[in-house]
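Okay everyone, thanks for coming. Let me put the sequence and structure up, and then I'll walk you through a couple of spots.

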Amino acid sequence: MLDSLLALGGLVLLRDSVEWEGRSLLKALVKKSALCGEQVHILGCEVSEEEFREGFDSDINNRLVYHDFFRDPLNWSKTEEAFPGGPLGALRAMCKRTDPVPVTIALDSLSWLLLRLPCTTLCQVLHAVSHQDSCPGDSSSVGKVSVLGLLHEELHGPGPVGALSSLAQTEVTLGGTMGQASAHILCRRPRQRPTDQTQWFSILPDFSLDLQEGPSVESQPYSDPHIPPVSKNAKVDPTTHLTFNLHLSKKEREARDSLILPFQFSSEKQQALLRPRPGQATSHIFYEPDAYDDLDQEDPDDDLDI
């Protein structure tokens with residue numbers, strides 16, 4: 001599934017860490033897009049153009065459209081080829097495209113943009129770019145758009161990371177063990193259940209993607225990590241995780257039937273209350289009608305003058 005991420009389109013979030021860097025995977029996906037005949041735009045902000053192009057052959061480099069925001073991010077030199085709005089201006093310009101050719105936009109990196117731009121503004125532009133091929137009522141035939149965003153997760157708080165995560169159609173979290181890299185892929189699609197997959201891979205010197213066998217490579221429905229997994233052939237009991245019982249055992253049923261509730265007025269309790277105990281003082285109530293007492297049982301509200 002790792003080699004078919006770009007076929008899904010939308011925003012693909014590559015989440016790396018200090019231990020497992022993600023630029024090599026970004027370049028491998030860029031190379032795959034170029035070989036598929038797509039237009040590939042690189043927004044280089046974090047490393048120089050020479051460093052990013054290093055390792056690609058001349059054929060791949062000729063297919064890449066590189067927008068250099070590393071040397072002069074604020075366009076102080078006033079060059080004509082620079083976008084006036086910086087990286088956001090370049091992204092907004094790509095929103096106005098009408099080409100039917102599929103496009104891949106690689107952001108190197110989203111962390112650089114997040115540290116210099118408001119998170120809400122960046123999310124709005126990313127949403128507009130990644131969804132321009134699925135706008136309702138748009139009759140123009142715009143090609144599929146894939147946005148590859150490299151995110152250094154450890155540099156940001158949970159707020160910006162959560163906002164980008166909710167915006168992404170696909171999340172790739174890099175990890176690994178014993179020197180072998182792995183990618184945990186979470187895919188979200190409209191009207192479908194999210195699916196996750198762990199794919200083991202390696203990047204060759206020419207930035208080709210080499211998929212490898214690992215402990216778990218089959219796609220599975222996304223499930224709550226706090227609930228243990230269920231076998232495919234096992235019958236799911238809907239009462240498994242309830243906090244109460246729907247059925248009573250024989251002993252529990254007998255204990256329930258023998259229990260006398262405090263509001264039940266049994267005959268034994270009536271006799272005990274009505275029969276005076278030995279040595280208990282008895283009392284009497286003497287009532288003498290008052291002049292204003294209404295003893296008319298047919299109209300007890302006669303004294304109210306209604």
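**A serine and a glycine**

Let's start with Ser146, which counts as buried because its relative accessibility is 0%; buried means under 20% relative accessible area, exposed over 50%, and partly exposed in between, with a 1.4 Å probe and protein chains only. Quick background: this is a predicted model, where local features need pLDDT of at least 70 and side-chain atom pairs count only at pLDDT 80 or more, while totals for chains, interfaces and linings use all residues. Residues are numbered from 1 along each chain as its sequence is written, and side-chain values use heavy atoms, with hydrogens and water left out.

So where does Ser146 sit? You'll find Ser146 in strand E5, residues 145-152. Helices (H or I, at least four residues) and strands (E, at least two) are DSSP runs, numbered from the N terminus. And which residues does Ser146 touch, leaving aside neighbours within four places in sequence? Those are Leu6, Gly9, Gly10, Val103, Thr104 and Ile105, where contact means heavy atoms within 4.5 Å.

Now over to Gly85, in the loop between strand E3 (64-68) and helix H5 (86-95). Gly85 counts as partly exposed, because its relative accessibility is 45%.

Zooming out, the protein has ten helices and ten strands. Of its 306 residues, 34% are buried. And among contacts between residues at least 6 apart in sequence, 63% join residues at least 24 apart.
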